[in-house]
Amino acid sequence: MSSSSSPMQSTGRKLKLKSKDDETFEVEEAVAVKSQIFKYMVEDGVSNGPIPLPNVNGKTLARVLQWCQKHADPTITEDELNKYDAGFIDVDQAVLYDLLMAANYLNIEELLKLACMRVADMIKGKSPDEIRRTFNIKNDFTPEEEEEVRKENAWALGP
Amino acid sequence: MASSVCINEILTDDEIRLILAKLGSDKDMEAFGLVCKKWLYLQSTERKRLAARAGIHMLRKMAARFSRVVELDLSQSASRSFFPGVIDSDLFVIADGFRCLRVLNLQNCKGITDAGMVEIGHGLSSLQCLDVSYCRKLTDKGLSAVAEGCCELKSLHLTGCRFVTDKLLHALSKNCHNLEELGLQGCTNISDSGLTNLVNGCQRIKFLDINKCSNVGDGGVLSVSEACASSLRTLKLLDCYKIGDASIFSLVRFCKNLETLIVGGCRNISDESLKSLADSCKNSLKNLRMDWCSNISDSALSCILNQCINLEALDIGCCEEVTDAAFQGLGTREIELSLKVLKVSNCPKITIAAIGLLFDKCNSLEYLDVRSCPLITKAGFDEAGLQFPTRCMVNFAGSLSESDVLCLKPLI
């Protein structure tokens, strides 16, 4: 898209992607290969028509590609990237899970890590009850069962 | 930040596992497991290792909950055991419940018997490491059942299992060809023919501890050297008083990768074979214990000091013929000694001059034992103005107990 001295971008080849709700996207190879899936396709010289992605909707795919674009930019500094990531992942849970699942499906390691870390941060330091409320999980332990688990935890040592 | 979506209805188990993996602390892991039954299952089956010392009444529940545990540590300390401690019925539960188990530590679980071992042999076909040191009731019967059932066995520790005989070695030879570590310290019924039989089938042994197996002689060691050859890294023959130069020469001939050799109390060993060993293992030898080898003289010791460049621990206590001359070669030495531990207790002919030479060329020394050396005293050091290497503990006439030096393990 923007001119750059990076050898990959100068091939100018683009991939066509189609989300599950039939939105199409054109993206430069250098950006797309953040996803291991696309990396293999590019290396194998595959694909003329648009690549169908039945597991990702258009809205999420747009976001993911935006992230890939930012991360493929050779001029951006690490500090800027970290700031960007922090803002990018500060979304409500529904969007967060969509991003997590898309990163998993498309095998984008850094994005998957970012999303998982975000969820983990929402768990850290909280009590089980607080965690349940955060994630809207029903407590299916009886008080006796919960007491059992606490006893077992006290017993089992080690890493 | 409450939500209208429920994470459990959206993410897969594997995705939730990825999130679990990012929780650093035990406390968070524990809270995670208390959220709901699905999360408890994910947390529990992620767990690979369990150690428990507070009694086994929960073992059945543990087996049900932590079904993918690979390592289980139920060892007890020698002095403080919980009564009755681990018993056979617990081994039944383990054999039945922890099917993926690879490592089982039952050190000092003195209550267990052959019946429990038979169950282990039947149930845990993936078992690779078993430590039943000091489980004194065990005999060939139970342990052979383990050998027969656990063919992947790599490491077996039987220190203090004094009822073990050559029969078990035969069973190991037949079934456990991947065996790499075998600890038989104090198994006094072991004989040369048993060892020969053992290494017929077990040729990959790296670590063999037959300390205090006083029936073992040159015949057994020769078989081990030849069969295990370059695999053998550690050989412990403490107080195997029957062995002599022939054993050492066989190590020279076959075992080029020997790192640790313990021949304390093997009085028949002489300079000639040790000089050969110093030459053949000059790069590999790290730990050498030859206390009470009363025939050793300066000739062998100087070869060892001059040639074994990677030597870290040396014990020549009670080698009464050794004098300062053995240390003379250090004077002209260019490369520093890498020695960390030196024990010369009860070597009455060694003087402070030798220690001075040593300090000069050895900055890595951490422990020096000069007890019962009448010519080496604290006063003498001060008089000579000798500088101890930093971090070096010196044991004069019982000023330190050996337990002060617990961290230095090489000479077991």
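Helix 11 of chain B (residues 218-228) keeps B:G220, B:V221, B:S223, B:V224, B:S225 and B:C228 buried, where buried is under 20% relative accessible area, exposed is over 50% and partly exposed is in between, with a 1.4 Å probe and protein chains only. Helices here are DSSP runs of H or I with at least four residues, strands are runs of E with at least two, and both are numbered from the N terminus. This is a predicted model, in which local features need pLDDT of at least 70 and side-chain atom pairs count only at pLDDT 80 or more, while totals for chains, interfaces and linings use all residues. Residues are numbered from 1 along each chain as its sequence is written, chains are lettered from A and ligands numbered from 1 in the order in which they are written, and side-chain values use heavy atoms, with hydrogens and water left out.

The buried residues of helix 11 pack against helix 10 (192-201), strand 7 (207-209), strand 8 (234-236) and helix 12 of chain B, taking contact to mean heavy atoms within 4.5 Å.

B:M290 sits in the loop between strand 10 (287-289) and helix 14 of chain B, yet its relative accessibility is 0%, so it counts as buried. From B:M290 to B:L127 it is 163 residues in sequence and 35 Å in space, C-alpha to C-alpha. The loop between strand 10 and helix 14 also holds B:W292, which is not a glycine but has a positive phi of about 70 degrees. B:W292 is partly exposed, at 42% relative accessibility. Another non-glycine with positive phi is B:N346, near 60 degrees. B:N346 belongs to the loop between strand 12 (341-343) and helix 15 (352-361) of chain B and is partly exposed at 30% relative accessible area.

Stepping back to whole chains, chain B has 16 helices and 14 strands, and its C-alpha atoms fill a box of roughly 80 × 55 × 40 Å along the principal axes. Of its 412 residues, 55% count as buried. For contacts in chain B between residues at least 6 apart in sequence, 78% join residues at least 24 apart. Chain A has 8 helices and 3 strands, arranged along the sequence as β-β-α-α-β-α-α-α-α-α-α. Of the 159 residues of chain A, 42% count as buried, and 56% of the contacts between residues at least 6 apart in sequence join residues at least 24 apart.

Now for the interface. Chain A puts 45 residues into the contact and chain B 43. The area buried between the two chains is about 3900 Å², with carbon and sulfur atoms giving 68%; buried area is the accessible area (1.4 Å probe) that two parts lose on being put together, summed over both. Between the chains there are 3 salt bridges, each a side-chain nitrogen of Lys or Arg within 4 Å of a carboxyl oxygen of Asp or Glu. B:K61 forms a salt bridge with A:E148, the closest N and O atoms being 3.2 Å apart. On the chain A side, helix 5 (93-105), helix 6 (109-123), helix 7 and helix 8 (143-155) each supply at least two residues that touch chain B.

Aromatic rings meet across the interface too. Rings of Phe, Tyr and Trp (its six-membered ring) pair if their centres lie within 6.5 Å, with planes under 30 degrees apart stacked, over 60 edge-to-face and the rest tilted. Over all chains there are 5 aromatic pairs. A:F135 and B:W39 form a tilted pair, 6.1 Å centre to centre with 55 degrees between the planes. A:F135 lies in helix 7 (residues 128-135) of chain A and B:W39 in helix 4 (residues 37-46) of chain B, so the pair joins two chains. A:F135 is buried at 0% relative accessible area, and B:W39 is buried at 1%. Together with B:F32, A:F135 and B:W39 form one aromatic cluster.
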